[in-house]
Amino acid sequence: MDGAHTLNVVGFLKSAKQLERRFDMLMSRVDDRDETQAPEWQAERAGPPKPRGASGPGRRRPRRRKPPEPPSTRLMSAASGRLIGSTVDKRLFILSGGMYGGSSWSAMFCIAAATREESVANECRAFLRDSVATVARLGLHAWLCDLIDDARQAAFTGVPSSRMPLLIRSMGDVKLARQCTIASGARYISDRRLRSEVIVEHCEQTHRFAAYSLLQWGNSKRDNGIAFMLLTRPNIGAAMLHETRATGRGSASRNAAARRIAEYLAALREQADRQYAWVCAQHGAVGFLPEDLAAINRRADEGEPDSAEFDRGGKGEPKELLDVDRRYLFDARHVIAAYRGLWNLPDDGVRLAEIGHGADPPSASLWRNRIYLRMIAEMLLGAASAADLADGFAARDRERFERGVARLEQIVAIVRNAGLTAAPTLLAPSVSPNFGELKRLSFSERDRRLRVHARVEADMAAVMLAYLPDPDVARQAGAALIRGDLTAYAKVVGDWRTRLRVRMPCT
């Protein structure tokens, strides 16, 4: 077991048992459609269940009806988007999503139960049992390290891993079943370009899944930090995860360079926190735009127009939430101004990898330190969404840089008027594909849309990990966002807001 014992191994094994029991029950049923629980959109429309075998007058045999499809406007998470056209058991979807987050393995379990294809089901059982056996014997850290190493080896060699789920790319039921019966490990892909794409996608999903597992089963601030690194800088995050496992076993760290980089980034964050606290204490409104402060002050005095406290004439948003919003706006305004100010200046030449190998860090001030600016961009937007801003500046590509600025300004407007915790929900309609859109797309275009959407879900999880001050709330919110569950996310932040309001002083 993990010596550090910061991960809930018992909870993981219990959830795995529930998933296995539900999956085996569905696979053992004789009637495939009649006994499968309706998906969420079907359950909302359907009335109470009718007795089995009941038929109306003049009808000798009940006609099998096609299950209703979800509304065309229903937003799909990256995980549920791979299940279009299948009758999905809602309980199984929840259990598999809780175990494997937004990865394609959660979709594999649902598709196997929907199609009753034994070869697909055997793939799922093998992965689940391997997960349980490794975690029970060595712990969660060891299992996650093993998954990451396996995915990285596949990326290095160009040979797909046997642990890569077949639904890493969308395909029809017939093709999925045929792939599972291929003798050569069920992972051979003849098209070299497609093989390279799915291997990279599997590596990305594995890093996201490892981050999700740390958030779902972790209980320490260090787990949050490693998860953030896995989402923004996977190489460093994977090394930190290996170091945690080595420390738990009483071994020495095997990656001194990654440890130096992580310590340097943490030192930059601490320096920024001290600087921000000093600016707020000494100068108050300095560093904020007037329109930002006006909106924050209005929310502090009046509250949100759609809240019960506002209707009762109560006090506005809790101070803790407003402090989060102020810090986000402060960092966002400063990083844009800093990048613009450095546009025509040469780079200082110091790279993060060189610091890991013992080079001296840059001597520039905080907001002229390009390493810090990239780190802040990733905290504000997440790694994928910050690429246009940071890489556009590095390449002095004005068009790409301004595209990144526009993306950041979009979130800034939400934070200013509704708060950072509202950003994932308000951004969802603009980034989440709906059922009608995905259904009309080809498999390749559908996969592209789902990849982009999964990256946005992971990016918003990274933002919450970076800015929410309560580590438990940040952990739960991040896990919900990675698996694409906006309902669970809204409950987490809503309950947190309620607890903060209860502690607010009476006026």
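At 18% relative accessibility, Arg116 counts as buried, a class for residues under 20% relative accessible area, with exposed meaning over 50% and partly exposed in between (1.4 Å probe, protein chains only). Arg116 sits in the loop between helix 4 (104-115) and helix 5 (118-138). Its phi is near 60°, a positive value in a residue other than glycine. This is a predicted model, in which local features need pLDDT of at least 70 and side-chain atom pairs count only at pLDDT 80 or more, while totals for chains, interfaces and linings use all residues. Residues are numbered from 1 along each chain as its sequence is written, and side-chain values use heavy atoms, with hydrogens and water left out.

Arg396 also has a positive phi, near 50°, in a residue other than glycine. Arg396 is located in the loop between helix 17 and helix 18 and counts as partly exposed at 26% relative accessibility.

## Overall make-up

The chain has 23 helices and zero strands; both are DSSP runs numbered from the N terminus, helices being H or I with at least four residues and strands E with at least two. Of the 507 residues in the chain, 51% are buried. Among contacts (heavy atoms within 4.5 Å) with a separation of 6 or more, 73% involve residues 24 or more positions apart.

## Aromatic pairs

There are 16 aromatic pairs in the structure. Rings of Phe, Tyr and Trp (its six-membered ring) pair if their centres lie within 6.5 Å, and planes under 30 degrees apart count as stacked, over 60 as edge-to-face and the rest as tilted. The pair of Tyr276 and Phe330 is edge-to-face, because the ring centres are 5.0 Å apart and the planes stand at 70°. Tyr276 belongs to helix 11 (residues 256-283) and Phe330 to helix 14 (residues 319-341), so the pair ties together parts that are 54 residues apart in sequence. Both Tyr276 and Phe330 are buried.

Trp343 and Phe393 also form an edge-to-face pair, with ring centres 5.9 Å apart and planes at 65°. This pair links distant parts of the chain, 50 residues apart: Trp343 is in the loop between helix 14 and helix 15 (352-356), and Phe393 is in helix 17 (residues 383-394). Trp343 is buried, with a relative accessible area of 10%, and Phe393 is buried at 3%. One aromatic cluster is formed by Phe12, Phe23, Tyr100, Trp105, Phe109, Phe127, Trp143, Phe209 and Trp217.

## Charges over rings

A charge sits over a ring if NZ of Lys or CZ of Arg is within 6 Å of the ring centre and within 35 degrees of the ring normal. Arg396 lies over the face of Phe393, at 4.1 Å from the ring centre. Over the face of Tyr467 lies Arg269, at 5.7 Å from the ring centre.

## Helices 18 and 19

Helix 18 (residues 398-418) packs against helix 19 (residues 423-431) at an angle of about 135°, with the axes 10 Å apart. Axes are lines fitted to C-alpha atoms, for helices over the stretch in contact, and angles run from 0 to 180 degrees between N-to-C directions. The two helices are therefore oblique to each other; angles under 35 degrees count as roughly parallel, over 145 as roughly antiparallel, 65 to 115 as roughly perpendicular and the rest as oblique.

In this packing, Arg407, Gln410, Ile411, Ile414 and Ala418 of helix 18 meet Ala423, Leu426, Leu427, Ser430 and Val431 of helix 19.
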